[in-house]
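Please load the model in your viewer and keep the selection panel at hand. The tour goes from the whole chain to single side chains, one selection at a time.

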Amino acid sequence: MTSIINTPKKIVEKDFKKVMRGYDQHEVDEFLDDVIKDYETYASMIETLREENEQLKARLKKATSQTQGSRLGLSLGDRKGDGSSNTTDNPGTNFDILKRLSRLEKEVFGKQITE
């Protein structure tokens, strides 16, 4: 990608040399050419970022729909009749994590936690 030549501050602070009949036409033309290049670079950057933004939105939408589908599957049929979850199919479910956390608390705090 092309580097940006001017900053907004540089454009505002630009002083042209005065000649007999006004500003030096060649200097003004060179400066305006640089400004145009910057605007083209900005437009290109904006377009690239818009495309990237759309791609990321699509990926997020896809990931969100997959996550919601997984949650729906868990709530509909991943539980056994005895109240425990099926850890062989999905070892990282919230229910399993809570069970592990409970066991860890019992080990660390002993009978204090059950009383």
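What follows is a list of stops, each with something to select and a short account of what is there.

**Before selecting anything**

This is a predicted model, in which local features need pLDDT of at least 70 and side-chain atom pairs count only at pLDDT 80 or more, while totals for chains, interfaces and linings use all residues. Residues are numbered from 1 along each chain as its sequence is written, and side-chain values use heavy atoms, with hydrogens and water left out.

**The whole protein**

Show the chain as a cartoon and you will find three helices and two strands, which run α-β-β-α-α from the N terminus on; helices (H or I, at least four residues) and strands (E, at least two) are DSSP runs, numbered from the N terminus. Now colour by pLDDT, the predictor's confidence in each residue, from 0 to 100: the mean for the protein is 77, and 73% of its residues reach 70 or more. Select residues 78–83, where the pLDDT is below 50 and where the stretch has eight contacts in the model beyond near neighbours in sequence, a contact meaning heavy atoms within 4.5 Å.

If you switch to a surface, the protein exposes about 10200 Å², of which carbon and sulfur atoms supply 55%; accessible areas come from the Shrake-Rupley method with a 1.4 Å probe, and for residues only the protein chains shown count as cover. Buried residues make up 10% of the 115 residues, where buried means under 20% relative accessible area, exposed over 50%, and partly exposed in between (1.4 Å probe, protein chains only).

**The aromatic cluster**

Which residues do ring pairs link into a cluster? Select F16, Y23 and F31, which are the members of that cluster. Rings of Phe, Tyr and Trp (its six-membered ring) pair if their centres lie within 6.5 Å, and planes under 30 degrees apart count as stacked, over 60 as edge-to-face and the rest as tilted. A search of the whole structure finds three aromatic pairs; in one of them, the rings of F16 and Y23 have centres 5.6 Å apart and planes at 70°, so the pair is edge-to-face.

F16 lies in the loop between α1 (8–13) and β1 (18–19) and F31 in helix α2 (residues 25–77), so the pair ties together parts that are 15 residues apart in sequence. F16 is partly exposed at a relative accessible area of 22%, whereas F31 is buried at 11%.

**The salt bridges**

A salt bridge is a side-chain nitrogen of Lys or Arg within 4 Å of a carboxyl oxygen of Asp or Glu, and the whole structure holds two of them. Select E27 and K14, whose side chains meet at 3.6 Å, N to O; the pair links distant parts of the chain, with E27 in helix α2 and K14 in the loop between α1 and β1, 13 residues apart. E27 is buried, with a relative accessible area of 16%, and K14 is partly exposed, with 31%.

Then select E54 and K57, where the closest N and O atoms of the salt bridge are 4.0 Å apart. Both residues lie in helix α2, three residues apart, about one turn of the helix.

**A last stop at D38**

Finally, select D38 in helix α2. Not counting residues up to four places away in sequence, D38 touches I4, I5 and N6.
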